[in-house]
Amino acid sequence: MINMARPVMEKEEIDAVIRVMETGILAHGPEVVAFEEEFARYCGSKYGAAVSSGTSAIHLALAALGVGPGDEVITTSFSFIASATPILFLGAKPVFTDIDPRTFNMDPESLKGKITERTKAIIPVHLYGQSANMKRILKIASDIPVLEDCAQAHGATHDDEKVGSMGKAGMFSFYPTKNMTTGEGGMVISEDEEFIESIRMLRNHGQSARYDHHKVGYNLRMTSISAAIGRVQLTKLEKRNLARIKNARLLDEGLEDVEGILTPYVEPGNGHVYHQYTIKVDQDRDGLSGFLAEKGIGNKVFYPTTIPSSPAMKKVSTGTYPRAEEATKQALSLPVHPSLSEDEIAKVVDTVKLARKGV
Ligand SMILES: Cc1ncc(COP(=O)(O)O)c(C=O)c1O
């Protein structure tokens with residue numbers, strides 16, 4: 001079986017975990033502080049607040065902005081649901097945009113029509129490892145804070161700037177299948193020290209010092225063990241992203257002439273890091289998916305429904321998102337992770353070709 005993802009834990013990660021366990025500081029500690037500094041610096045930003053997941057990163061970034069009932073937050077209709085659920089946790093209303101069908105990312109034109117005086121924040125998602133069109137989004141947003149959902153795009157760039165460093169904040173996930181992992185974990189990065197301090201307080205029971213509770217906070221901290229894994233994984237991120245890019249090039253070359261399939265479009269100025277390699281299949285996507293699975297080629301549909309059409313969103317969402325709907329029927333992600341061999345990539349290509357012969 002050629003899998004869609006293979007989280008790799010090497011001796012360095014294992015040694016780092018043992019080192020931290022031997023210190024006895026297992027929850028928040030110096031390891032977390034070091035990871036925050038190193039990750040923020042890598043992304044070209046000043047400050048980081050490490051948290052328990054990507055979802056908590058989005059939740060706390062919104063909470064630190066003071067988002068609450070009566071507010072609207074705009075995000076894309078085509079992403080993992082966690083891009084939108086934190087808006088609901090805070091009692092605000094998610095408002096969805098349609099997507100650019102070439103990149104699957106937030107369509108800036110659609111964003112224009114969604115801004116109202118109640119819009120408190122905009123959350124573009126850098127889906128599959130490719131930056132949304134930040135230049136246009138930031139221009140349209142004007143002084144509305146833009147919070148970048150970078151859960152799938154560690155190290156991706158837009159006009160040579162790293163994702164997460166262009167808006168008010170960037171929120172990352174370190175789930176095991178992501179381009180780098182801490183087991184579970186997340187981070188908010190920002191240039192705004194006060195904003196990051198507010199997130200640090202909120203993640204830790206609203207405390208500024210022990211038992212000095214200034215806010216009604218949560219326990220959404222990152223453990224020292226996770227941070228230790230993250231620090232090692234960060235040193236390998238560039239190398240692993242390059243391996244993803246190389247695999248994507250091989251898939252591009254192999255699949256470019258296959259009828260009925262469109263290989264991923266990379267917007268000029270973007271540095272794509274291929275969290276996913278997502279093709280568009282114009283006919284019988286599910287048939288191709290089933291055929292590949294039968295032949296031992298992992299593949300996945302990210303995502304089979306739009307966020308607004310999920311039952312969880314039924315009460316709040318209105319509107320239609322035709323290009324996102326189309327993407328739910330056409331998008332198919334193929335294996336691209338850094339541990340694949342050239343032979344495995346060739347097998348993916350050959351099997352897709354074989355399947356398409358029968359269409
Ligand atoms: C686009 C996007 N946003 C947010 C999240 C949430 O991250 P986590 O699973 O770490 O909570 C994910 C995770 O899959 C994601 O893909």
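Where in H8 is there a kink, and what is its angle? It is centred on Leu237, and the angle is about 45°. That comes from a predicted model, so please keep this in mind throughout.

Let me stay with H8 for a moment. Helix H8 covers residues 224-255. That makes 32 residues. From its first C-alpha to its last, H8 reaches 43 Å.

Now to the partners of H8. Two packed helices are described by the angle between their axes and the distance between the axes. I will give both for each pair.

Take H1, residues 11-23. Its axis comes within 9 Å of the axis of H8. The two cross at roughly 150°. The crossing is right-handed. Who touches whom? On the H1 side we have Glu12, Glu13, Ala16, Val17, Arg19, Val20 and Met21. On the H8 side, they meet Ser224, Ile225, Ala228, Ile229, Arg231, Val232 and Gln233. By class, this contact holds eight nonpolar, two polar and four charged residues.

Next, H2, residues 30-42. Here the axes of H2 and H8 come within 8 Å and cross at roughly 35°. This crossing is left-handed. H2 brings Glu31, Val32, Ala34, Phe35, Glu38, Phe39 and Tyr42. H8 answers with Ser224, Ala227, Ala228, Gly230, Arg231 and Leu234. The count is eight nonpolar, two polar and three charged.

Back to H1 itself. Why does its length agree with expectation? H1 has 13 residues, and at 1.5 Å a residue they should span 18 Å. The end C-alpha atoms are 18 Å apart, so the two values agree. Just after H1 comes Gly24, with a positive phi of about 85°.

Asp159 sits in the loop between strand E6, 157-158, and strand E7, 161-162. Then there is a cis peptide bond between Phe302 and Tyr303, with omega about 15°. Tyr303 belongs to the loop that runs between helix H9, 285-294, and helix H10, 322-330.

Last topic: the ligand. How many residues are around it? There are 14, and Ser53, Gly54, Thr55, Ala151 and Ser173 come nearest. By class, the shell has five nonpolar, eight polar and one charged residues.

That is the tour. Questions, please.

Conventions. Residues are numbered from 1 along each chain as its sequence is written. This is a predicted model: local features need pLDDT of at least 70, side-chain atom pairs count only at pLDDT 80 or more; totals for chains, interfaces and linings use all residues. A residue is near a molecule or strand if its C-beta atom, placed from the backbone, lies within 6 Å of it. Ala, Val, Leu, Ile, Met, Phe, Trp, Tyr, Cys and Pro count as nonpolar, Asp, Glu, Lys and Arg as charged, and the others, Gly among them, as polar. Axes are lines fitted to C-alpha atoms, for helices over the stretch in contact, and angles run from 0 to 180 degrees between N-to-C directions. Helices (H or I, at least four residues) and strands (E, at least two) are DSSP runs, numbered from the N terminus. A crossing is left-handed if the near helix is turned anticlockwise from the far one by less than a right angle, and right-handed if clockwise. Two residues are in contact if their C-beta atoms, placed from the backbone, lie within 7 Å. The expected span of a helix is 1.5 Å times one less than its number of residues. The bend at a residue is the angle between axes fitted to the seven residues ending there and the seven starting there.
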